[in-house]
Amino acid sequence: MNPLQASLDTAEAAVAELKKLGAQDALVRYRSARGVQCQVRDGRMEKLQESVTAELTVHVYADGRYAAHTTNDLRKAELASFLADAVKLTRMLDPDPARSLPPKELVLQKPTELGLFDPAYAKIDTDARKRLAQTAEAAGKTDKRVVSATADFSDEHGTTALVGSNGTHGAQRDTWYSLSAEVTVAEGDKRPEDWWVSTSRSVKGLGDAEAVGKQAMQRALDRVGAAKLKSAETTLVIENRSAGRLLSYWLQALFGANLQQKRSFLDGMVGKQVGPAKLFQLDDNPALVGGLGSRSFDREGLVAKPLPIVDADGVLRNYFIDWYNAQRLKVQPTTGSWSNLVLNPGSEPLDKLLAGVDTGILVTSFIGGNSNSLTGDFSLGIQGRVIDKGKLGAPVGEMNLSGNHKTFWNKLAAVGNDPYLYSSLRVPSLRFDGTAVSGA
Amino acid sequence: MPTPPDPFAAGVTTTDRRTFLGLAAAAGATLAAPQLFAAPVAKETVAFGFAFDDLQAVLGVALGRGGDFADLYFERTRSVSLTLEDDRISRAYASSDLGVGVRVVKGDAVGYAFSEVMDLKAIKKAAATAAAIADGKAKPELKPIEIAPLPSYYSRDFRFAGIDIEQKKKLVTEVNAKLKAKDPRIVKSSVQYADTDKEVFLVTSTGHAFRDHQPMTRLWANCVAEDKGKRESGGYNISSRKGFHIFDATAVGRLVDEAVRRTVLMFDAVTPKGGEMPVVLGAGPSGILLHEAIGHGMEADFNRKNTSVYASKMGKPVAEKFVTIVDDGTLTDARGSIHIDDEGGQSQKTVLVDGGTLSSYLHDRISAKHYGVQPTGNGRRESFRHVVMPRMRSTYMLAGPHKKDEIIRSVKKGIYCESFSNGQVNIGAGDFTFFLKTGYLIEDGKLGRPVKDINLIGNGPEVLTKISMVADDLQIDEGGWTCGKNGQSVPVSQGMPTVLVKAITVGGAA
């Protein structure tokens with residue numbers, strides 16, 4: 001049988017069974033997937049793993065109450081008792097008038113074609129995986145200072161069906177590939193390391209395997225001799241690979257659950273400026289063909305639509321509000337989370353951004369740290385390179401960047417033309433002026 | 001391996017592929033009593049419905065291509081969690097997970113596959129897939145299987161499934177009522193309860209086998225307080241392998257007191273001026289420093305690959321003589337305790353730094369064989385879907401010769417650290433971080449205003465040499481720490497006496 005239809009059948013049967021057991025409503029998600037991971041070190045395969053999984057998650061709405069339940073034990077008798085227990089547990093909770101499924105007009109009945117599935121998947125065999133990983137690994141150890149290079153080729157092919165008693169009905173196939181390399185080099189007792197990864201929905205989209213190994217090696221070599229600088233207020237250029245992580249902390253304050261629980265520093269800020277005009281413009285775009293975060297409908301079945309987050313004037317336009325929190329907050333829902341979050345790119349490449357900096361630091365990665373979605377305070381470990389008169393200099397490490405999101409994003413002074421494409425956060429390199437870093 | 005994107009799930013971010021530690025979410029309990037060891041079939045079954053000869057047959061397939069070693073890891077995990085928000089328990093999550101992982105080892109290489117379908121044909125298919133890490137042909141000799149007795153560091157008889165859901169609801173409701181009664185400035189409170197019953201059975205091609213029950217529970221209390229138009233948040237959590245009765249009146253009292261205290265304390269908190277300064281690590285949660293600064297770097301897989309900053313330091317002095325650091329799987333009821341590791345290695349107390357000298361790595365079977373030493377019982381895996389790696393259990397420093405007051409008095413200007421949320425390390429360069437949630441300024445030997453939400457960063461081996469005082473007040477933290485490495489999460493514990501580090505870089509204002 002067509003795998004999409006088989007998945008839909010499984011989900012439909014569970015919805016019907018839950019209704020029979022007394023649930024007023026149910027939303028069921030069924031996902032089956034196969035993944036392979038092939039890891040190469042010293043020219044040979046060090047790990048080969050195959051993962052075949054199937055999982056059923058049921059969201060049960062019974063007598064004004066709600067609970068979610070997941071199982072991978074799909075044997076007939078076990079599944080029947082699992083569903084009966086699911087309804088029983090749900091009924092033991094407290095009633096919550098905000099718990100319901102969205103009306104039919106807000107949920108999708110047929111997914112759109114978004115290029116999430118790569119028809120070439122079936123042709124990839126273990127040898128092909130091994131060859132790609134070997135190519136990346138070999139390219140990552142051409143310098144004699146390399147003490148270890150590891151390359152990893154991972155992929156997954158899955159089918160997901162979402163069926164709800166409110167009319168939600170759809171299934172989609174997807175693929176995902178990743179080729180990564182980690183390289184460690186010698187520096188006395190120290191072993192500086194770095195990594196590079198290419199991620200795509202199609203095997204072709206991974207690009208040149210050699211480039212992955214080379215990038216990882218060059219970045220590891222660039223770490224040799226890292227030292228901390230004196231604490232200062234300085235210019236930071238945050239490379240596209242890491243800029244998404246910084247933005248992801250800001251995004252936490254947009255979630256409905258944080259707004260409802262009074263844990264958001266962006267509470268009450270819709271319609272107000274949150275960043276510099278023409279620089280800090282954010283859009284959520286679920287419809288990018290082949291995008292890592294692309295989708296036709298979200299977790300709750302809400303139809304995915306483009307959503308402006310921050311407009312060209314730097315004004316906050318929308319939060320990420322799922323159906324449940326929309327009911328609690330008595331506002332219109334948008335969607336529960338971002339799909340492909342795009343920070344509108346500028347026109348200059350990274351080297352042009354650097355060229356405009358007299359003294360500063362290029363941040364190539366963050367290490368550790370955290371952020372407080374209520375107050376906006378954040379503090380993150382940084383490493384990277386010195387920028388001196390527009391040129392890259394010595395490696396920098398063991399320093400912290402601290403600030404508050406409410407003021408920090410106003411320091412955004414330039415945006416690169418290089419959005420990072422290996423993540424659902426498509427953020428280009430960013431320059432911030434006058435930021436506090438602490439070191440020696 | 002990075003998480004694959006899911007078209008229906010939340011946006012996918014690229015995370016740093018480093019090891020991290022955090023108070024991340026876990027879930028936990030059971031709806032029906034598990035019947036794992038007594039399936040109703042005709043022949044005598046050992047575990048999960050299979051007999052000895054079934055297990056031997058699967059192991060035979062696993063080694064059929066010339067692998068050196070194979071094991072089968074059967075697991076049934078049932079979890080329940082309850083969440084209370086806005087005075088209502090309006091969310092529950094229950095999960096049931098079942099499967100068997102087949103691992104084949106050939107030298108340092110691993111083949112791995114698993115089956116979520118509990119029939120012999122499906123498991124043999126997984127075994128054939130894993131077997132392909134070797135590419136020869138073999139007729140393996142299999143030893144008779146013997147089931148090993150286990151020590152007792154936590155109860156194997158207790159089942160969360162046996163506790164009525166009403167009792168769990170009552171606990172959560174009680175904590176919430178106490179949070180709200182404690183301070184009128186609390187405007188939002190939430191409570192989460194989670195428990196897990198995990199049944200495992202392992203059998204190896206060398207004839208070793210064990211069965212274990214691994215209970216886990218956790219209770220969180222979180223608050224948002226408002227005062228003069230200013231809002232702050234805070235929380236506390238307790239986790240243990242002890243049964244439901246861990247949450248007695250004393251524990252609930254502590255949970256409530258700490259959650260509220262850590263929230264309202266923040267109204268006075270300041271951001272310190274950043275830079276290098278002396279740091280006093282308070283007893284208990286500060287064990288996070290050991291986890292990041294040395295624990296990960298001592299995991300022998302990194303050293304075998306020569307990628308750890310500690311790879312060339314074995315047997316050498318790394319700290320003052322009063323510094324002894326252990327990784328211990330045997331603490332009674334601790335979150336990080338294990339009766340036996342996930343490949344059959346005896347749990348133990350492993351000494352990483354003995355009187356200032358680096359003394360042992362943390363080994364799994366593969367690394368121990370590589371180094372020609374005995375495994376240290378650190379071979380752990382997240383679930384039947386995951387390969388074994390060297391992982392920590394409960395990592396802590398033994399008590400030292402100094403006193404807490406004397407340590408604080410010795411600092412003219414610095415930071416006193418009380419609680420943390422997460423940390424991270426780069427194994428090779430040795431740089432590590434830990435994130436401070438609550439602490440205090442130290443001015444002229446006295447605790448001053450509270451500080452919050454600041455990252456601390458240092459270099460592992462350098463920071464070890466800068467530990468200049470260790471107090472006699474060792475505490476194991478009761479928080480629910482979860483350690484992440486190569487995409488696998490395992491529960492751990494950590495502990496520390498009060499310690500002085502002469503200099504470390506504290507984040508803050510310029």
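This is a predicted model: local features need pLDDT of at least 70, side-chain atom pairs count only at pLDDT 80 or more; totals for chains, interfaces and linings use all residues.

Residues are numbered from 1 along each chain as its sequence is written, chains are lettered from A and ligands numbered from 1 in the order in which they are written, and side-chain values use heavy atoms, with hydrogens and water left out.

Me: How far apart do the C-alpha centres of domain 1 and domain 2 of chain A lie?
Reply: The bounds come from an automatic or database domain assignment. That assignment gives 3–221 as domain 1 of chain A and 226–440 as domain 2 of chain A. Between their C-alpha centres there's 25 Å.

Me: What area is buried between domain 1 and domain 2 of chain A?
Reply: Buried area is the accessible area (1.4 Å probe) that two parts lose on being put together, summed over both. Carbon and sulfur atoms give 57% of it here, and the area comes to about 2400 Å².

Me: How many salt bridges are there between domain 1 and domain 2 of chain A?
Reply: A salt bridge needs a side-chain nitrogen of Lys or Arg within 4 Å of a carboxyl oxygen of Asp or Glu. With that rule, the count between domain 1 and domain 2 of chain A is two.

Me: What is the N to O distance in the salt bridge of E239(A) and R219(A)?
Reply: The side chains of E239(A) and R219(A) are the ones that meet. Their N to O distance is 2.5 Å.
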